[in-house]
Amino acid sequence: DLAVKIADELGNNRVTVSCGVAYFDGNEVLYTEGSVQGKIVAKREGEGFPGGFDFYFVPDGSNLAFSEMGLEAKNAISHRFRGWSEMKHLLIEKGIIDAD
């Protein structure tokens, strides 16, 4: 609820959530990032990490908070999914993993 209070006091509930993913092979560091833009709202019902932001975050293009979407729908658009997807593409491009 602190995030809601801060957003209210600032008069701006817009946020970007991001997830950085790094890979180190002993010589080179590869880094990708996934982001989702949205807004902070009053706590919603549903499932998510206890104490996490899933209950307060509504991504752009949705009326549902991450917590209300169900895990499969949320994970298909989340910042973590986007970050890891970018890393997978980079690892394939560099020939570190096979495209499966």
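Mentor: Start with lysine 74 and aspartate 54. Their side chains meet in a salt bridge, with N to O at 2.8 Å. Lysine 74 sits in helix α3, and aspartate 54 in the loop between β2 and β3, so the pair ties together parts that are 20 residues apart in sequence. Lysine 74 is buried, and aspartate 54 is buried too. Keep in mind that this is a predicted model.

The count of salt bridges comes to four. Another one joins arginine 14 and aspartate 60, whose closest N and O atoms are 2.8 Å apart. This pair links distant parts of the chain: arginine 14 belongs to strand β1, while aspartate 60 lies in the loop between β3 (57-59) and α2 (66-69), 46 residues apart. Arginine 14 counts as partly exposed because its relative accessibility is 43%, between the 20% and 50% limits. Aspartate 60 is also partly exposed, with a relative accessible area of 43%.

Next, take lysine 94 and glutamate 28. Their side chains form a salt bridge at 3.5 Å, N to O. Lysine 94 is in the segment after α4, glutamate 28 in the loop between β1 and β2, and they are 66 residues apart. Lysine 94 is partly exposed at 42% relative accessibility. Glutamate 28 is partly exposed at 36%.

Now the strands. β1 and β2 (residues 29-40) run antiparallel, joined by eleven bridges. Serine 18 has serine 35 in β2 as its bridge partner. Four residues lie between the strands of this hairpin, and glycine 26 takes a positive phi near 100°.

Then the packing. The largest nonpolar core has six residues: Cys19, Val21, Leu30, Met87, Leu90 and Leu91. β1 (14-24) and α4 (79-93) are the elements that give two or more residues to this core. α4 gives the most, with three. Leucine 90 touches Leu30, Tyr31 and Thr32, leaving out residues up to four places away in sequence. A second, separate core has five residues, including Val36, Phe57, Phe66 and Met69.

Finish at serine 78, in the loop between α3 (71-77) and α4. Serine 78 counts as buried because its relative accessibility is 2%, under the 20% limit. A polar atom of its side chain lies 3.0 Å from the backbone nitrogen of phenylalanine 81. Beyond its neighbours within four places in sequence, serine 78 is in contact with Val36 and Phe66. Val36 and Phe66 are both among the residues of that second core.

How values were computed. Residues are numbered from 1 along each chain as its sequence is written. This is a predicted model: local features need pLDDT of at least 70, side-chain atom pairs count only at pLDDT 80 or more; totals for chains, interfaces and linings use all residues. Side-chain values use heavy atoms; hydrogens and water are left out. A nonpolar core is a set of buried Ala, Val, Leu, Ile, Met, Phe, Trp, Tyr and Cys residues joined through side-chain atoms within 4.5 Å. Buried means under 20% relative accessible area, exposed over 50%, partly exposed in between (1.4 Å probe, protein chains only). Contact means heavy atoms within 4.5 Å. Two strands pair if DSSP finds at least two bridges between them. A polar contact is a pair of N or O atoms within 3.5 Å; within protein, one must be able to donate a hydrogen and the other to accept it, and residues adjacent in sequence count only if both atoms are side-chain atoms.
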